[in-house]
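Take a moment with the sequence and the 3D view. Then let us walk through two parts of the fold together.

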Amino acid sequence: MSDTLLAALDSNWSAADPAALTPDHAARLAELEQLDPALVALYRRGSEVLAGAADANTLRDRHTALLGRERGVITLGLAEMPRLSVDERKVRGKALNLVKRWLTEVHDARREAIALEREAADALDVTLPGRRGFTGRPHVLSQVRDDLLDLFHGLGFSIYTSPEVELDEYNFEKLNFGPDHPARDAHDTYFAGPDVVLRTHTSPGWVRAMEERKPPLRLVFPGRVYRAEAVDASHMDQFHQIDGLFVDRNVSMADLKATLNTFARAIYRADLPTRIIPIYFPFVEPGVQMDVQCVTCSGTGHIATAEGGKRCPVCKGTKWVEVLGAGMVHPNVFRAVGIDPEIYTGFAFGMGLERIAMGRYGIPEIRLFLENDLRFLEQF
Ligand code: DAH
């Protein structure tokens, strides 16, 4: 009879490891074996599937199949009793009641365990460290740019934005680079059309500003520039610059030097030595370059090594690091934009943001700026 009752249980149901059952499981099976062997398989399987129910719903379904009042296996067993002899009935009745009580116990124990498991899973562990929210921040180059723009804002300069895709006329010609000017060699770039280039510097912004507005002008020109460079640790084919332009009556080299020294003291250190040396750019006359003393070797040209020292790799032994180009606006540039160089003078300067950021933070490799590796970016 136990077989027909067993058939009412799904044979696919997960069962608990018998070892995980009540400590007296084996004793119960032995007792049943004595009393009514036909019910041993039923109790074994029934207790295992109740104890093996993974969650409350599963447990409820199995409880209904085994102990349900109307169609449960125990009820079916009791319903068969009238067909038995009086002696058999006594035994079966006693055994079925025993199985019912034991299965109810297994069921109740499992229900309690599931409730505890849930509670543990839902519990809030107040000792866990909090999860810090991800906070974004401006890219290191944006930070350096904004610091510079802040500084120049304090000196009275406003921002002028000019296009990255530029006419040859503005990138070169009106800045006094003739069509075959040798200084173009340093500005090899990408052509977007016969007379259209990706700008090689932010200086074309001055031409646009001067054509558009009347002096006095005090402007800065931040932005991305492009050059067809072979890429290495200090060269990329795109980078960033800020140019500055100051045009008025009586603007002099002294104004330029004061402005550049204010910049260097604010961005590097107040007592870092600087120097201004002559250099050629077609759009300024005289043209200068500002250097700051090399921070890596403290202006000695050498650094200490285990082998007793070597030439400083940053300044290449020159003791100085170039930070920007500058000069007095060339009369030809004024003429090209219709400003009378007999009335107005002006100074201009241009600096590379990557170089300033590399010097400021000791970043050895320009490609890091564009790789978007958070391990790098999160340091600033
Ligand atoms: N535009 C120059 C370059 O990219 C840098 C420069 C030099 C800018 C002198 C200036 C300047 O404004 O006066 O190489």
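Predicted model: local features only at pLDDT ≥ 70, side-chain atom pairs only at ≥ 80, totals over all residues.

Start with the helices. Find H2, which covers residues 25-35. Now find H6, which covers residues 86-122. Their axes lie 10 Å apart. The angle between H2 and H6 is about 165 degrees. Angles over 145 degrees count as roughly antiparallel. H2 and H6 are therefore roughly antiparallel to each other. The crossing of H2 past H6 is left-handed.

Which residues make this contact? On H2 they are Arg28, Glu31, Leu32 and Leu35. On H6 they are Val91, Lys94, Ala95, Leu98, Val99, Trp102, Glu105 and Val106. Sort the residues in the contact of H2 with H6 by class. Eight are nonpolar, four are charged and none is polar.

Now move to the strands. Look for E12, at residues 345-352. Is E12 mostly covered or mostly open? It is mostly covered, with seven of its eight residues buried.

Which strands pair with E12? One of them is E6, residues 238-248. E6 and E12 run in the antiparallel sense and share eight bridges. Another is E11, residues 320-329. E11 and E12 also pair in the antiparallel sense, over five bridges.

Finish at one residue of E12, phenylalanine 349. Glycine 244 stands opposite phenylalanine 349. Alanine 326 stands opposite phenylalanine 349 too. Trace these residues in the 3D view to see how the strands line up.

How values were computed
Residues numbered from 1 in each chain as written. Heavy atoms only, no water. Axes fitted to C-alpha atoms, helices over the stretch in contact; angles between N-to-C directions. Helix = DSSP H or I, 4+ residues; strand = E, 2+ residues; numbered from the N terminus. Parallel < 35°, antiparallel > 145°, perpendicular 65-115°, else oblique. Left-handed = near helix turned anticlockwise from the far one by under 90°. Contact = heavy atoms within 4.5 Å. Nonpolar A, V, L, I, M, F, W, Y, C, P; charged D, E, K, R; others polar. Buried < 20%, exposed > 50% of the residue type's maximum accessible area, 1.4 Å probe, protein only. Pairing = 2+ DSSP bridges.
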